[in-house]
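Here are my notes on the strand pairing and on one helix. Please read them alongside the coordinates.

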Amino acid sequence: LVPALRAAMARGAVMAGGSAGAICWFDGGHSDSMDPDSYKDAMIAAASKDAAGDESGAAPVDEASKKGWEYIRVDGFGFLPGLLCPHHDKVQSNGVLRAHDFDAMLLRHPGERGVCIDHWAALSIDGDSFSVLSFPGKEGSVSPEGTFLEDRSGVPGVWSKWVHDGQVQARLVPTQGKLCEIFAEASEIHKDPRVEVCRRENPP
């Protein structure tokens with residue numbers, strides 16, 4: 001599968017996807033694969049009831065309804081360098097803001113650079129250039145001043161994150177530019193051992 005996809009990319013085919021479909025093109029990503037509601041049987045059952053469901057899951061309505069699962073780092077195909085965080089501005093059923101959890105993940109994986117895409121944003125890549133797209137009128141993490149809003153009272157955007165001197169640094173990605181401005185090859189990549197637990201719990 002990977003050689004066929006790489007060949008398609010080389011000949012200029014459009015490669016696209018959201019959530020896991022965005023993570024897959026990168027070295028790795030911030031995944032909700034440990035959420036039992038994302039397991040195959042649960043997803044099939046949910047799809048039969050709600051064909052228009054949101055794959056990112058909903059936030060809990062109160063403390064008692066929080067679910068006890070954790071985000072994990074999963075590998076991608078490695079076509080693009082970086083650690084990708086989809087739904088960056090959202091809280092899912094575990095009650096944890098993905099932006100905050102991704103910061104903690106970067107501290108565990110400081111050799112990788114993060115690319116963080118809000119739920120209603122997209123990163124479009126064409127050759128050595130990129131552009132940031134978003135749905136008009138939708139909520140996101142970007143304030144009018146270009147700062148991060150964890151309450152999603154801003155507009156959707158994309159963030160670049162990295163670790164420097166033990167601290168996570170973040171920069172709002174401009175609406176367009178060159179890939180070298182936001183991507184960097186990893187200096188080291190560490191696997192997440194919880195991936196094997198997830199595979200056992202959610203077999204093909």
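1. In this predicted model, S5 and S6 make a hairpin with two residues between them. Gly-127, in the turn, has a positive phi of about 65 degrees. The two strands, S5 at residues 121-126 and S6 at residues 129-134, run antiparallel and are joined by six bridges. Within this pairing, Ser-131 of S6 is opposite Ser-124.

2. S6 is also joined to S9 (residues 176-178), again antiparallel, by three bridges. Here Ser-131 faces Gln-176 of S9.

3. Six other strands form an open sheet with mixed pairing, in the order S2-S1-S3-S4-S7-S8.

4. Leu-83 has Gly-114 in S4 as its bridge partner.

5. Helix H4, residues 98-108, packs on the sheet and touches S1 (26-31), S2, S3, S4, S7 (158-164) and S8. Its direction makes about 35 degrees with that of S7.

6. Which residues of H4 are buried? They are Arg-98, Ala-99, Asp-101, Phe-102, Met-105 and Leu-106. These lie on the same side of H4, because they cover an arc of only 160 degrees around the axis. Their cover includes S1, S2, S3, S4, S7 and S8.

Terms used
Residues numbered from 1 in each chain as written. Predicted model: local features only at pLDDT ≥ 70, side-chain atom pairs only at ≥ 80, totals over all residues. Heavy atoms only, no water. Pairing = 2+ DSSP bridges. Helix = DSSP H or I, 4+ residues; strand = E, 2+ residues; numbered from the N terminus. Contact = heavy atoms within 4.5 Å. Axes fitted to C-alpha atoms, helices over the stretch in contact; angles between N-to-C directions. Buried < 20%, exposed > 50% of the residue type's maximum accessible area, 1.4 Å probe, protein only. Arc of directions from axis to C-beta.
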